[in-house]
Amino acid sequence: MSQEIIQKTAHELHDDLRSGATTATALAEAQLAHIDGHDDKVKAYLETWNDEALAQAAAIDDALSKGNDPGLLAGIPIGLKDNLVTTTGTTGCSSQILKGFESPYTATAVQKLYDAGGVMMGKLNMDEFAMGSSTENSSMQKTANPWNLNCVPGGSSGGSAASVAANEAVISIGSDTGGSIRQPAAFCGCVGLKPTYGRVSRYGLIAFASSLDQIGPLTKDVEDSAWALNVLSGKDPHDATSADLPVPDYREALGKDINDITIGLPKEYFTDSLGDDMRQKIETAVDVLKAQGAKVVEVELPHTNHGIAVYYILATAEASANLARFDGVRYGFRHPDAKDVKEMYTMTKSEGFGPEVQRRIMLGTYVLSSGYYDAYYKKAQKVRALIRRDFDQAFEKCDIIATPTTPASAFEFGAKSQDPLEMYLNDIYTTTANLAGVPAISLPCGLTEQQLPAGLQLIGKPFAEADLFRVSHAYEQNRGFDMGHAPIA
Amino acid sequence: MEYEVVIGMEIHVEIDTKSKVFCGCKNEFHAPANSHVCPVCLGMPGALPVMNREMVNKSVAVGLALNCEISRWSKMDRKNYFYPDQSKNYQISQFDLPLCHDGSCEFEVNGEINKIGITRAHLEEDTARNDHTQGIGESGIDFNRCGVSLLEIVTEPDLRSAEQTYAFLNHLKQTLLYLGVSDCNMEEGSLRAEPNISVRPVGQKEFGIKSEVKNVASFSGVQKAIEYEFKRQVKALKKGETLIQETRGWDADQGITVPQRTKESAHDYRYFPEPDLIPIAVDEAWEQEIRESLPELPLARKHRTTEQYSLSDYDAGVLTASREMADYFEACVAAGAPAKLATNWITGDLQALISDAKADITNIKITPEQLAAMIGLIEDGTISGKIAKDILPDMFESGKEPKVIVEENGLVQISDLSELEGIIREILTQHPGPVEDFRSGKMQAKGFLVGQSMKATKGKANPKVVNQILDQLLNEE
């Protein structure tokens, strides 16, 4: 019975909770028991909040029994990436420099989940400061892919993706700076949404690259993604970059036909670097959409091949400033042997930050340095504008762009961790959506020959998440196969 | 060879916004350490800045008062450097697109109008205050000041003497006070002025190598630092030494500048656009709204005061030294006081009372209308000027109407001829000597008799009438 309940989606549980088929307490207990039984293998959670979760669940049950509506996500077990600050538990960004940090405030997005009745299960592992594509850069633990424990879950929201794939959370929240929600969602066979930049408040998301970061949900299906975005979205007076636009009810987009939709296939994404297996998966998926009435055209995104370079210049530049505050002065780790201020800075950072974080801080510092600024940062900003224009022009011809999420499915531990550049190439299909600020979603589109999930990426126009959900839902309902569950789930 | 000094100023002004520039914390100087802090100004992980609209409004007001162009599109930038007084290890400032730029400012030096170019005025946040008094090896940081609204005003190198710089700084401070954008309290650091100083042979067009002097706590300190730097640099040049571009610190006790940092060791601030804030777009309508709310500025007000009230340049200057005093003066005149008399009373006796009480003209009990009423009582002969001087402190203390004080204390001037004649006849009888003296030609003896009459009436006698009666009686007999 408990195995069954934790396999359900949020929208199914929503009805079960209201019909009396289950209670929030039973659900929370089942979820905690499942984590307890599985997470020693998956290692998605850094900490679980058992007492708090059960207390929350009891309050939800109390409200339901009195006939009150405790919110859209009432009683739903939710996991949080370790870069979302919470007054409950600790927030460490999977870094030694922030390990054990207790935030004096809670991130806006997390507060919205609480307000909607979500039951928070705890904090999820990630690449340190969200820098990485395999979660191997976590200083805390290695998270495994529930489909194959020898493989990485992707990153940086690896814990978030693995927890959903392993049914250790019904919904998990991640953050996506260059693909950090979509790539692990693709590797772990779940639905991962990066909303339009500004759709969800970043207040309380520990910044990696402020102009690219966006919070989004990882879910078991498209409908749950729409439900979660309903809750997460909206203008926040604490985030000047959050959009002051109305939030539609995204659930209304589901189940509608896609006859008016034109799907664009960017030829730059379907080159030789894409494996045959993955290419075939995407072509099959596009055929499903065609069969549902969508038109398919070829589009051009001519500056795609500059995406990775531009991304790694701008993201590291912003990161070099964003991470400067971790200096041992006010919070987090301070090296005990430092004898003066300068030593405190250098020793604290050298020991507190892992190698990838240090590499990116140095890269970012370099591209902003006097004499190099014009050649790197400024030029990258110009190319970013061109990439944005590419999307504007492509969206004159189509409504949705379809691409693979990743060039290949999940790789084994250690396969790429020795070569940063090869690791960076994992983001080749995902960074441009962040650079252009447009919304994108990764959907499971079958298993590769290695029996690992493949991901279809759909990219939408700015703030057109409703279209994204409509097309995603049409695909999911008509793809003609069941993804099933990961072996560890 | 004759040398001249060339000076440009960098002035930091803490703008008097209710809350800090990027968060809701109170902007207050006198508060227990770290009592006005929050996740944003402490640079806690995940916290984001939000621009304070009042800061933009007040900064645009300063820009307009300094005849600047207001950028239709301006942005904030991150200035990166590590120091514990910065919670984020970068300061949010403005680099290449300041909010206000290309302005100018006219000010008076010894009655002459001078003009200085204003390069830019840009928004930034103040830093925290480091406290090294905790003990050996321990330093404290008070983040109350961290994130306080700061406007940096940079001038062109248009100043040519310490005296001229002093006059400009005073004028700028006066303008900022008129605008009501800052309390300009230099002791509390809400106004900080740093001169850039170089010298060159008279007639040479190129600028010399400049030094920037920091840690100057007063305008007279700026003046002294300029005088010192001029001498130091000229002396070095005359000895054939080469100057280096450097930052020097002002040592007020010794009256010298000391080297702090050379250009070579200067920071690379790695400025780049602040991605957490949206651009500041002040459109024409917004600018116009602020322009219309600007008060009359010091020079214009002084000029108008001279013209409208037929006052001397000096009087107008004293009256318009502050907007509040000028307002008080005009209210007093509007209540019926003759301008010159109002000027004398305000800048004389009233100012002395205010200074003694360490008060401020905005919060004294005596209203401009009451002062006008008191002047009216002198004018219509109800009281003498002497009595007025006596009752002013009473008015200042109690806030009572002058008429009430006069009546309560029976201070109405005696102008009644027959009453005064009786009193004066008595005095003449009591002092036959001076009467004789007068009659034998010693005119100054009359002064004594006037004095005795006033004394007998406790100052209430109308001096004009006393004189009349004395003339009459002394010549009669």
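**Aromatic contacts and strand pairing**

A:Tyr312 is buried because its relative accessibility is 7% (buried is under 20% relative accessible area, exposed over 50% and partly exposed in between, with a 1.4 Å probe and protein chains only). The model is predicted: local features need pLDDT of at least 70 and side-chain atom pairs pLDDT 80 or more, whereas totals for chains, interfaces and linings use all residues. Residues are numbered from 1 along each chain as its sequence is written, chains are lettered from A and ligands numbered from 1 in the order written, and side-chain values use heavy atoms, without hydrogens and water.

Over all chains, the structure holds 21 aromatic pairs (Phe, Tyr or six-membered Trp rings with centres within 6.5 Å; stacked if the planes are under 30 degrees apart, edge-to-face if over 60, otherwise tilted). One of them joins A:Tyr311 to A:Tyr312 in an edge-to-face arrangement, with 4.8 Å centre to centre and 90° between the planes. A:Tyr311 is likewise buried, because its relative accessible area is 3%. A further edge-to-face pair consists of A:Phe326 and A:Tyr331, at 6.1 Å centre to centre and with 70° between the planes. Both A:Phe326 and A:Tyr331 are buried. These two rings belong to one aromatic cluster, together with A:Phe101, A:Phe129 and A:Phe353.

The charged end of A:Arg251 lies over the ring of A:Trp227, at 5.2 Å from the ring centre. The ring of A:Phe411 has the charged end of A:Lys416 over it, 5.1 Å from the ring centre.

Strand E1(B), residues 3–14, is largely enclosed by the rest of the structure, because eleven of its twelve residues are buried. E1(B) is joined to strand E10(B), residues 191–201, by eleven bridges, and the two run antiparallel (strands pair if DSSP finds at least two bridges between them). Within this pairing, B:Val5 stands opposite B:Val199 of E10(B). E1(B) also pairs in the antiparallel sense with strand E9(B), residues 149–155, over five bridges. There, B:Val13 has B:Leu151 as its bridge partner.

Chain B also contains an open sheet of three strands, ordered E4-E3-E14 and paired antiparallel. Its edge strands, each pairing on one side only, are E4(B), residues 90–93, and E14(B), residues 272–273. Two bridges connect E3(B), residues 77–80, with E14(B). B:Asp77 has B:Pro273 as its bridge partner in E14(B).

Key:
A charge sits over a ring if NZ of Lys or CZ of Arg is within 6 Å of the ring centre and within 35 degrees of the ring normal. Helices (H or I, at least four residues) and strands (E, at least two) are DSSP runs, numbered from the N terminus.
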